[in-house]
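Hi everyone, thanks for coming.

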Amino acid sequence: MTQEKKQEFTRRLSCCNRGGMVVIMYDILFAYLEDAKASHPEDYAGFKSAVGKAQQVLRRLMDDLDFTYSIAGSLYRAYQFVNKHLSMAVCKNEVQNIQDAQRIIGNLYEGFVEAARQDTSAPLMQHTQQVVAGMTYQKGRLTETLQGSDSSRGFLA
């Protein structure tokens, strides 16, 4: 994953609510799966590493399920199924299993995006800097500015 992509995810995480957090986790999972597909034929170590990171994200999604809701059991089984596909992708050194995993997760992703759209709860992080992005005098480049960067964010020494 590129440094720019990591910064984008960090920025999104700093201002998201609970529903948005799940969508971002899925986006991170998809990014690692794309990295695995991109490195597959030439770089087995990179392929294996990217699949391993995707499995870590998947395990995090599994760990965060709230089993007081009946849907959590179904999601857990779906995540286990996807995890098996990812393990088989590494064992067999095949991209087909990753594509199958993406298709399964993609169906779940659409539901979580719709649920996040309807979530009107407050952002999870408080006292974060506001990021304003826009075109300035730099030709063809997006510039971001932090608002309120001189204020205290709760850390005093």
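Predicted model: local features only at pLDDT ≥ 70, side-chain atom pairs only at ≥ 80, totals over all residues.

Residues are numbered from 1 along each chain as its sequence is written, and side-chain values use heavy atoms, with hydrogens and water left out.

Okay, helices. Two packed helices are described by the angle between their axes and the distance between the axes. Helices here are DSSP runs of H or I with at least four residues, numbered from the N terminus. The axes are lines fitted to C-alpha atoms over the stretch in contact, and angles run from 0 to 180 degrees between N-to-C directions.

Start with H2, residues 18-39, and H3, residues 44-63: their axes come within 8 Å and cross at roughly 165°. That makes H2 roughly antiparallel to H3, a label for angles over 145 degrees. The crossing of H2 past H3 is left-handed, meaning the near helix is turned anticlockwise from the far one by less than a right angle. Who's touching whom, with contact meaning heavy atoms within 4.5 Å? On the H2 side we have, among them, Met25, Leu29 and Leu33, and on the H3 side, residues including Phe47, Val51 and Leu58. By class, this contact of H2 with H3 has 14 nonpolar, two polar and three charged residues. Nonpolar covers Ala, Val, Leu, Ile, Met, Phe, Trp, Tyr, Cys and Pro; Asp, Glu, Lys and Arg are charged; the others, Gly among them, are polar.

Now the other pair. H4 is residues 71-92, H5 is residues 96-118, and their axes come within 8 Å, crossing at roughly 155°. So H4 is roughly antiparallel to H5. H4 also passes H5 in a left-handed crossing. Here the contact has 14 nonpolar, two polar and two charged residues.

What sits in the loop between H4 and H5? Asn93 does. Its phi is near 55°, a positive value in a residue other than glycine. Most residues other than glycine have a negative phi. Asn93 counts as partly exposed, at 34% relative accessibility; that label runs between buried, under 20%, and exposed, over 50%, with a 1.4 Å probe and protein chains only.

Last one: Lys37, in helix H2. Lys37 is partly exposed too, at 25% relative accessibility. Leaving aside neighbours within four places in sequence, Lys37 is in contact with Val95, Ile98, Gln99 and Gln102.

Notes
Helix = DSSP H or I, 4+ residues; strand = E, 2+ residues; numbered from the N terminus. Parallel < 35°, antiparallel > 145°, perpendicular 65-115°, else oblique. Contact = heavy atoms within 4.5 Å.
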